[in-house]
Amino acid sequence: MSSTPFERTQRVAVLGGGPGGYEAALAAAQLGAEVTLVERVGVGGAAVLTDVVPSKSLIATADAAIAISEASDLGVQFYAKGEHGKPLKPEIAINLAAVNKRLIALAGQQSEDMRSALLEAGVRILSGHGRLEGPNAIIVSTGHGGTDFDRIEADTIIVAVGASPRELDSAKPDGKRILTWTQLYDMKALPEHLIVVGSGVTGAEFASAYMNLGAKVTLVSSRDQVLPGEDQDAARVLEKVFKRGGMTVLSKARAEKVEVTKDGVTATLSDGRTVDGSHCLMAVGSIPNTAGIGLEDAGVELDESGHVRVNRVARTSVPNVYAVGDCTNFFPLASVASMQGRTAVFHALGDIVIPLELIKITSNIFTAPEIATVGYSEKDVEDGVADGLVYKLPLAANPRAKMMGIKDGFVKLIARKGSGTVIGGVIVGPKASELIYPIAVAVERRLTVDQVSRVFAAYPSLSSSITDASRAMHLVNAKIS
């Protein structure tokens with residue numbers, strides 16, 4: 001339907017060009033809005049330039065290294081000929097400078113691809129620092145000593161400013177020896193001994209990657225196991241793999257301070273013990289980039305941690321202001337930020353919108369093996385939050401896993417009592433991020449275990465473990481009701 005003279009094109013301003021801001025801008029342009037995106041570091045934001053893209057690229061390199069080192073288990077042998085034709089024992093060498101150069105190049109390429117997509121869609125991109133001036137305008141400082149400003153008036157504002165690594169005064173990052181996860185890519189050589197403080201998702205991922213790249217790693221965990229809050233069976237498998245690979249895992253150990261020494265770093269624990277290393281990665285959480293950008297003055301409510309309070313369509317306390325991604329109190333995942341961005345735009349511009357449900361979010365931890373989850377957890381069942389039955393099938397029982405030499409991991413399904421509806425799942429194993437998708441579809445579409453079991457899986461395949469697990473739960477209502 002064509003516009004009448006009395007209609008005006010909706011103006012959408014997006015503050016922040018990470019996954020959430022990018023998707024919001026793209027969706028708004030597709031719906032015919034006049035869109036301006038403000039980004040200070042580059043399209044894709046920190047997620048693309050210093051976080052998700054480079055970190056997962058590093059992990060892919062570590063996966064390649066471990067695949068080579070374990071190839072002999074499959075009968076593949078590597079050797080070089082020495083004197084008189086005698087074989088020499090091969091060594092895997094990691095050129096970290098070359099690896100990091102590739103990671104940054106990939107991140108830059110991804111950022112440029114995203115920028116091109118936005119420009120092609122008709123989005124106006126401004127480079128600079130932005131802040132809200134009330135609920136209907138953004139002021140952008142475009143450089144030149146802070147004297148040049150652009151004012152963007154908008155009917156809808158979407159805040160997507162992300163978050164930054166949390167820093168401790170007792171372990172202040174210097175970018176050389178004490179590092180945040182955004183500073184790791186400046187290293188020219190593999191650290192001799194990397195101390196990782198924090199055993200959450202970020203700490204576990206980097207500890208896994210650097211161990212598999214060949215570094216000595218000590219993981220300092222304040223809890224009794226790695227990945228607190230995740231599936232306990234998954235955490236146990238990962239900790240077993242860590243220790244088998246030579247990693248030192250210090251449980252119930254809180255780092256009081258980390259200091260730079262002549263030759264490296266020293267971490268002092270709360271019980272008085274010290275750990276000496278060459279470098280230290282501080283993975284102690286993140287803080288939202290919401291300070292000083294005019295949110296409170298515009299009437300936008302923040303929680304005590306500085307995160308923007310949003311509802312299930314990413315709307316803030318101000319009707320025409322939305323917020324998405326890690327700066328909100330919703331769920332800190334790039335995939336969630338992207339979905340929030342689109343949801344916010346659909347809601348603001350009157351398109352069909354389905355409010356987001358936390359229970360349907362798929363998350364993945366890119367360790368080796370990977371850990372993927374969706375829906376209700378086994379703990380939810382144990383605590384009475386969900387009325388269900390849990391079934392776990394070891395991945396080592398799968399024919400394809402045997403062929404590939406996979407020894408660690410499992411598929412876990414959670415089905416509701418009475419109906420057999422799939423309400424959750426966990427996968428631990430190679431490419432769990434890919435394998436979780438059919439379980440996520442089952443949770444989203446409320447499929448029963450019998451319906452899942454009737455889907456053909458290729459033989460042999462790792463995905464057939466999902467079919468096998470669902471078949472094992474046949475007549476689930478008869479077994480547990």
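S199 has a relative accessibility of 6% and therefore counts as buried, the cut-off for that class being under 20%. The model is a predicted one, and in it S199 belongs to the loop that runs between strand 12 (193–197) and helix 5.

**Surroundings of S199**
- The side chains of S199 and S221 form a polar contact at 2.7 Å.
- Once neighbours within four places in sequence are set aside, the residues in contact with S199 are A204, L219, V220, S221, Q225, V226, L227 and P228.

**Packing of helix 5 and helix 6**
- Helix 5 (residues 201–213) packs with helix 6 (residues 232–244) at an angle of about 30°, the two axes lying 11 Å apart, and the crossing is left-handed.
- Helix 5 contributes A204, S208 and M211 to this contact, while helix 6 contributes L238, V241 and F242; of these residues five are nonpolar, one is polar and none is charged.

**Helix 6 and its ends**
- The 13 residues of helix 6 should span 18 Å at 1.5 Å a residue, and this agrees with the model because the end C-alpha atoms are 18 Å apart.
- The residues of helix 6 that are buried are D233, A234, A235, V237, L238, E239, V241 and F242.

How values were computed:
Residues numbered from 1 in each chain as written. Predicted model: local features only at pLDDT ≥ 70, side-chain atom pairs only at ≥ 80, totals over all residues. Heavy atoms only, no water. Axes fitted to C-alpha atoms, helices over the stretch in contact; angles between N-to-C directions. Helix = DSSP H or I, 4+ residues; strand = E, 2+ residues; numbered from the N terminus. Left-handed = near helix turned anticlockwise from the far one by under 90°. Contact = heavy atoms within 4.5 Å. Nonpolar A, V, L, I, M, F, W, Y, C, P; charged D, E, K, R; others polar. Expected span 1.5 Å × (residues − 1). Buried < 20%, exposed > 50% of the residue type's maximum accessible area, 1.4 Å probe, protein only. Polar contact = N/O pair within 3.5 Å; in protein donor to acceptor, adjacent residues only side chain to side chain.
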